[in-house]
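Please read it alongside the coordinates.

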Amino acid sequence: MISPHSIAFSTVLQTPNQTVRPDNPTVQNGLKAERKENIEMNHQFTYQATLAASEKINWRVEDIIGGERRLDFTRPFLPESLARVEPLSFLSPSEKLTLNQIRGHGYLYIFGLVEEFILPFVLDHARPQLHGDDYRVRALLRFAGEEAKHIHLFKTFREEFEAGFGSGCTVIGPPQEIARAVLSHHPLGVALTIAHIEWMTQRHYTDSVADDQNLDPQFKSLLKHHWMEEAQHAKLDTLMVEALGETCSDADIEGATEEYLQIGGLIDGGLQQQVQFDLESFSRATGRELNDREREMFIKVQQQAVRWTFLGSGMTHPNFLATLEDLGQGSRARVEQIAPAFC
Ligand SMILES: [Fe+2]
Ligand SMILES: [Fe+2]
């Protein structure tokens, strides 16, 4: 469906053609030591505390969906701040509800998709540490196990959705191809992307979902349970970024920040394609063919809606920006310069 090579961020970004790796021969031991001293840690996160918090949570997929726990298709699935269906005033209330649910399905799918690259990345990060700090190893392996559970959770919800929605929803992919394209980037760029995604999940729940009494209770329960475990992941991401940052030269940090933005471009290209698919899915579900002016409005509003949902809300999260600031090398300013296009 989407080819990573065909996706460019060029309309928004000017990125230098630079690729760096942690094993870059210009990174000498002295530089690494200096880097470690220069990274400030403006947080209290530890592997031990994160592991303890995770062990208290422990829900199962079967506790959240399946059996009597069914989706209610008379209710919206996503909060309006993410779905942005209300500005489409030419749609009837029931058509807006259908579009909200299509966006809810897309939300499940995109999260399942990004977790396809988070899981192997965390495992790869944990493997060299297997004989190191026990809390660190256990916290990272638990992180990976929870991410595998989330992939299962999102798949199960999608099966429930497909059984009850009444028509098919087209999606981008395949996830493995997108995961391969993301993982080909600098590890620090990938770790920043993962930190962005997991702080973004926190924001979605606390800012938009927790106080919304109108949402389908099962879908809200999914978002709540995901949020509970992602709270630990976001802290572990911060520690992963710091650990990788300590192995990088200043030039590596700059290059990895650009690679984070390139991954954002890859995701943005996929999201723009997904909006086109959502329009097709909407017409299929409702039988309504929009005229040219309505189609143009639909695409414009929904493009910005998905950009805010998956990009802007992460790029501007205060804790993510603090992590960029700790890395130095103008990383925070570089991202803040780009972020308004996605808000
Ligand atoms: Fe997750
Ligand atoms: Fe996660």
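Glu198 is buried, at 0% relative accessibility, where buried means under 20% relative accessible area, exposed over 50%, and partly exposed in between (1.4 Å probe, protein chains only). This is a predicted model, in which local features need pLDDT of at least 70 and side-chain atom pairs count only at pLDDT 80 or more, while totals for chains, interfaces and linings use all residues. Residues are numbered from 1 along each chain as its sequence is written, chains are lettered from A and ligands numbered from 1 in the order in which they are written, and side-chain values use heavy atoms, with hydrogens and water left out.

**Iron ion (ligand 2)**

- The iron ion (ligand 2) is coordinated by Glu147 (OE), Glu198 (OE), Glu230 (OE), Glu230 (OE) and His233 (ND1), at 1.8 to 2.3 Å.
- Donors here are N, O and S atoms within 2.8 Å of the metal (3.2 Å for Na, K and Ca); water is not among the atoms, so sites may look incomplete.
- Along the sequence, the donor residues of the iron ion (ligand 2) have the spacing E-x50-E-x31-E-x2-H.
- Distant parts of the chain are linked by the pair Glu147, in helix H5, and Glu198, in helix H7 (residues 187-209), which are 51 residues apart.
- Helices (H or I, at least four residues) and strands (E, at least two) are DSSP runs, numbered from the N terminus.

- Glu147 bridges the iron ion (ligand 1) and the iron ion (ligand 2), which lie 3.3 Å apart.
- Glu147 in helix H5 (residues 134-165) and Glu230 in helix H8 (residues 217-245) are 83 residues apart, and this pair also links distant parts of the chain.
- Glu147 counts as buried because its relative accessibility is 1%.
- Glu230 is likewise buried, at 1% relative accessibility.

**Helix H8**

- The 29 residues of H8 should span 42 Å at 1.5 Å a residue, and the end C-alpha atoms are 41 Å apart, which agrees.
- The expected span is 1.5 Å times one less than the number of residues in the helix.
- H8 has a kink of about 30°, centred on Glu229.
- The bend at a residue is the angle between axes fitted to the seven residues ending there and the seven starting there.
- Most of H8 is covered, with 24 of its 29 residues buried.

**Backbone exceptions**

- Gly173 and Pro174 are joined by a cis peptide bond, with omega near 0°.
- Pro174 lies in the loop between H5 and helix H6 (175-183).
- Asn58 is not a glycine, yet has a positive phi of about 55°.
- The loop between helix H2 (47-57) and helix H3 (80-83) holds Asn58, and Asn58 is exposed, with a relative accessible area of 52%.
- Gln329, also not a glycine, has a positive phi of about 60°.
- Gln329 sits in the loop between helix H11 (318-327) and helix H12 (331-338), and is partly exposed at 31% relative accessibility.

**Salt bridges**

- The count is 14 salt bridges, each a side-chain nitrogen of Lys or Arg within 4 Å of a carboxyl oxygen of Asp or Glu.
- Glu160 and Arg70 form a salt bridge, with their closest N and O atoms 3.2 Å apart.
- That pair links distant parts of the chain, 90 residues apart: Glu160 is in helix H5 and Arg70 in the loop between H2 and H3.
- Arg70 is exposed, at 52% relative accessibility.
- Arg60 and Asp63 meet in a salt bridge at 3.1 Å, N to O.
- Arg60 is partly exposed, at 46% relative accessible area, and Asp63 is partly exposed, at 35%.
- The salt bridge between Glu294 and Arg288 has its closest N and O atoms 3.1 Å apart, and both residues are buried.
- Glu95, Arg288 and Glu294 are linked in a network of salt bridges.

**Cysteines**

- The count of disulfides is zero, a disulfide being a pair of cysteine sulfur atoms within 2.5 Å.
- Cys248 is buried, at 0% relative accessibility, whereas Cys343 is partly exposed, at 37%.
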